[in-house]
Amino acid sequence: MSDPDHPSSDVDRNTPAGLAIDVVLFAVGLMMLLPLVFLISNAFKTPPELLAWPPTIIPDRPTLENILGVLHETPLLRWIGNTLIFAGISTASIVSTSAIAGYVLGKFDLPWFPAVFGVIIATSVVPFEVYMIPLYLNVQAAGLLNTLPGLLVGYLVMSFGIFLVRQYVTTSIPDELLEAARVDGAGEGWIFLRIVLPLMRGPLGALAVLAFFQAWTAFAWPLVVTANKDTYTLEVGLALFQTGFTVDIGHLSAAAALALVPSALFFSLMRRNFVRGVAGTGLKE
Amino acid sequence: MRSKPKWLFPVLALLPVLGLYACLRVYPIAETLRLSLFKWNIISRRKPFVGFDNFVELMSDPLFLEAIFNTTIVAFGVLVITIPVGLALAALINSRQGLRRSGFYETSIFLPHVVSLVPAAMAWKWIFDARLGPLNALIGWFGIPAQSWLFDPALSLVCLIVLCSWQSIGYAVLIFLVGLKNVPEALYEAARLDGASSFQAFRYVAIPLLKPVMLYVSVITLISSYNIYAQAFVLASDVQGAPGHLVRVLVLDMLENSFRNYRVGYAAAEAVVLLVIVLVLTGAQFRLFRDRSRA
């Protein structure tokens, strides 16, 4: 396979030096994966095998005891469900607010729009942890602690999403297209929904994956907002479960593996979208 | 057809988003700044204005100083590992770009950056575990005595740095790869014609061009390390009743002051310190960028 963007790949790649690089990269790749592989493998081990040295990668006598035990001891499936709902709504909100705001800020020029865009970008510099406490007090005052809306409050908008869409709209959607539709008598709402939105599928897909992962891995905010086993997200449930006194490594690994595998699988499926989104964050300045 | 005013659609469409921003971003940020000047314990109706007293008290608060020391060590420790390792890996992967196997390299190195924090931290916690963990067994082979990684104050910092670097390297590699792809091939060709080896070409052609990207990744890495919390939370919490040494990081200290000690104004002052650190780092990045483009 040669990549047209990289003439160097026309050169014979399987030189000794090239293969040496492959060996190094394979070793590094495996080392990066090793902690996760151990975690998943530990989930299937019997207590004696967990103590064995060297640790086995493939369990000698795989057992489902740990997984069944964890599903019995904790509402893990419920936590997964909570997290899916939370991440799903958060993603929907971020994608729709970014789409509309990015489009409007990119294609309409009212005199105060640059200032609005400036404020949106400026807030993205401030880490969430900085304003978490006042946000918590507001959620508390509204009586939304320990509820899904309270949880969502921190994850409804994303400045980077608005930035991404605005960038895309200004560079890739020609004004002539919008003007032509207007001349034909199309309303602004119709133009946005029927012409602009379908054209933004690419960046919105990347943004959706990014938003979903952000919510799926959220920790500090769900930790302070949720207050009991029924409302925990997966990350919070797991973090508090592992502080228990009586749990053993097998059960811990099983719970962690059950939490890990869906996110790893989802990432592998969505890799291109994800890489596109994250690489976009790297190019923003 | 009667025409509606031109500004109607954009303003109506933007309004809900602006409302969300006002309530969920602008107001809480302003409120953090305001609260940092007050002494308030959440419950009490009295909320006296104390000026900069909270900040003055922070400067002699041993727990806060410990937190800021630890967080700084971790942030720069992660930086020192992430940038060179990330750059080297990106260069190696870039040289194998287009081969099918490079997909495996990218995925395996990037995966730790995206998987959920808590299970990943739990995996490392087992590795570091003093009695059961493979790390002690491994160093035992080399005759190094077993260490209590998560209990010793200095070693638990090392553990945190290792865990955070493992997570941040993937991001650095990804951004460096984007940067490397933007280096014009003609420059490499020219270097090669001048007799440069591929290492020299990388060192003298790619690295100078990558400087802005390196700077960007450095700042992102530092900022995200100043915000760590979940990792410290998981590594320090107990396994089988044995609590690890708590690495007090900034966010942890802040949440403890706010939700355990009910010192909201004081915690807000800590948040402001965190904000200042982030702003200084961001500002430094912009400055360096500008200087470079002028030079």
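Analyst: A polar contact is a pair of N or O atoms within 3.5 Å, where within protein one must be able to donate a hydrogen and the other to accept it, and where residues adjacent in sequence count only if both atoms are side-chain atoms. By that rule, 13 residue pairs are in polar contact between chain A and chain B, both residues being at pLDDT 80 or more. This is a predicted model, in which local features need pLDDT of at least 70 and side-chain atom pairs count only at pLDDT 80 or more, while totals for chains, interfaces and linings use all residues. Residues are numbered from 1 along each chain as its sequence is written, chains are lettered from A and ligands numbered from 1 in the order in which they are written, and side-chain values use heavy atoms, with hydrogens and water left out.

User: What makes A:Asp22 and B:Arg96 a salt bridge?

Analyst: The term requires a side-chain nitrogen of Lys or Arg within 4 Å of a carboxyl oxygen of Asp or Glu; the N to O distance between A:Asp22 and B:Arg96 is 2.9 Å, so the pair qualifies. Across the interface of chain A and chain B, the rule finds 2 salt bridges.

User: How many residues of each chain are in contact, and what is the area buried between them?

Analyst: With contact meaning heavy atoms within 4.5 Å, 100 residues of chain A touch 93 residues of chain B. The buried area, which is the accessible area (1.4 Å probe) that two parts lose on being put together, summed over both, is about 8,700 Å², and carbon and sulfur atoms give 77% of it.

User: Why is the pair of A:Phe219 and B:Tyr229 called tilted?

Analyst: Rings of Phe, Tyr and Trp (its six-membered ring) pair if their centres lie within 6.5 Å, and planes under 30 degrees apart count as stacked, over 60 as edge-to-face and the rest as tilted. A:Phe219 and B:Tyr229 lie 5.7 Å apart, centre to centre, with 45° between the planes, and therefore form a tilted pair.
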